[in-house]
Amino acid sequence: IVLGCYSSQFFPNEPLCDAFDRDLPTAPLPNAILEIRDSFINVAKQQARGLDIAATMNHELANGWGSLALDTQWTLSFEDTVALFDETEEDLSGLAGHPETVGNFNATLNKGEWSFSYGLTYIGETDNSARFGQATVADSTSTQVAVDLKADSVVYHSLSASYAFNNGLTALLGAANVTDEAPPRLTARGTSNEVDVVGQSAFYSQYDWLGRRYFLNLVLEFD
């Protein structure tokens with residue numbers, strides 16, 4: 001609650017600032033927090049507006065090449081507003097954790113007992129620079145350094161192949177994040193009230209933190 005008060009875009013008029021009391025400046029512990037009223041607070045308003053696009057195609061290839069299945073889904077965000085109180089509405093679209101564009105594309109070729117798949121996931125760029133409102137922050141030596149709160153778009157690729165044996169066993173071998181794409185790097189020092197960062201990497205659920213990895217799945221079906 002205290003952090004939400006002082007880090008709010010609406011400070012000093014943030015309603016959370018009314019949820020705690022401080023002692024007098026002349027008290028033994030000047031301005032010490034005496035009480036925090038942490039009763040449950042419902043979000044007053046939350047609204048998302050955008051466009052969802054989805055397409056699927058299945059096609060039988062000529063000359064015995066099997067069947068090709070294509071599938072893609074994209075979300076374009078025009079508005080992503082949230083208001084903890086009626087007078088504190090913010091549009092988060094385009095900020096860290098709320099990219100304006102996300103999507104994926106999958107292609108699968110099935111030929112007999114073989115199946116080959118390719119997947120692509122796209123995470124659009126985000127930028128908190130204007131919202132943060134500072135071009136520089138002080139480093140450990142009190143030197144002013146430039147702030148970078150723009151996360152570039154990220155593309156993840158995956159590949160897999162599977163084979164179905166006659167005995168009911170299906171083996172799937174693949175690789176995720178084939179290009180070993182790392183999360184975007186953001187300025188960590190002095191920006192913790194604005195973005196979530198671990199080390200120097202943006203810490204949001206859209207990003208892959210494991211890097212390139214390989215997997216083998218075995219499935220056995222019984223009659």
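Arg37 comes out as partly exposed in this predicted model, with a relative accessible area of 33%; here, buried means under 20% relative accessible area, exposed over 50%, and partly exposed in between (1.4 Å probe, protein chains only). The model is a prediction, so to speak of local features a pLDDT of at least 70 is needed, side-chain atom pairs count only at pLDDT 80 or more, and totals for chains, interfaces and linings use all residues. Residues are numbered from 1 along each chain as its sequence is written, and side-chain values use heavy atoms, with hydrogens and water left out.

Arg37 has a salt-bridge partner in Asp21, with the closest N and O atoms 2.8 Å apart. A salt bridge here is a side-chain nitrogen of Lys or Arg within 4 Å of a carboxyl oxygen of Asp or Glu. Asp21 sits in strand β1 (residues 20-22) and Arg37 in the loop between β2 (33-36) and β3 (45-60), so this pair ties together parts that are 16 residues apart in sequence. Helices (H or I, at least four residues) and strands (E, at least two) are DSSP runs, numbered from the N terminus. Asp21 is partly exposed too, at 32% relative accessible area. Glu35 joins in as well: Asp21, Glu35 and Arg37 are linked in a network of salt bridges.

Searching the whole structure turns up 7 salt bridges. Another one of them pairs Arg131 with Glu194, the closest N and O atoms being 2.9 Å apart. Arg131 belongs to helix α2 (residues 129-132), while Glu194 is in the loop between β13 (169-176) and β14 (197-198), so the pair ties together parts that are 63 residues apart in sequence. Arg131 is partly exposed, with a relative accessible area of 27%, but Glu194 is buried, at 10%. Asp208 and Arg213 also meet through their side chains, at 2.8 Å from N to O. Asp208 is buried, with a relative accessible area of 12%, whereas Arg213 counts as partly exposed at 30%.

Glu194 turns up again around Tyr204. Leaving aside neighbours within four places in sequence, Tyr204 is in contact (heavy atoms within 4.5 Å) with Ala96, Gly97, Glu194, Val195, Asp196 and Trp209. Tyr204 is also part of the largest nonpolar core, which has 14 residues; Val195, Tyr204 and Tyr207 touch the most other members. Such a core is a set of buried Ala, Val, Leu, Ile, Met, Phe, Trp, Tyr and Cys residues joined through side-chain atoms within 4.5 Å.

Ala202, in strand β15 (residues 201-202), is buried, with a relative accessible area of 1%. Beyond its neighbours within four places in sequence, Ala202 is in contact with Pro183, Pro184, Leu186, Asp196, Tyr207 and Trp209. The C-alpha atoms of Ala202 and Asp180 are separated by 16 Å, with the two residues 22 apart along the chain.

Back in the strands, β3 runs antiparallel to β4 (residues 67-83), and 16 bridges join them; strands pair if DSSP finds at least two bridges between them. Lys45 has Ala83 as its bridge partner in β4. The two strands form a hairpin with 6 residues between them, and Asn63 in the turn has a positive phi of about 60°.
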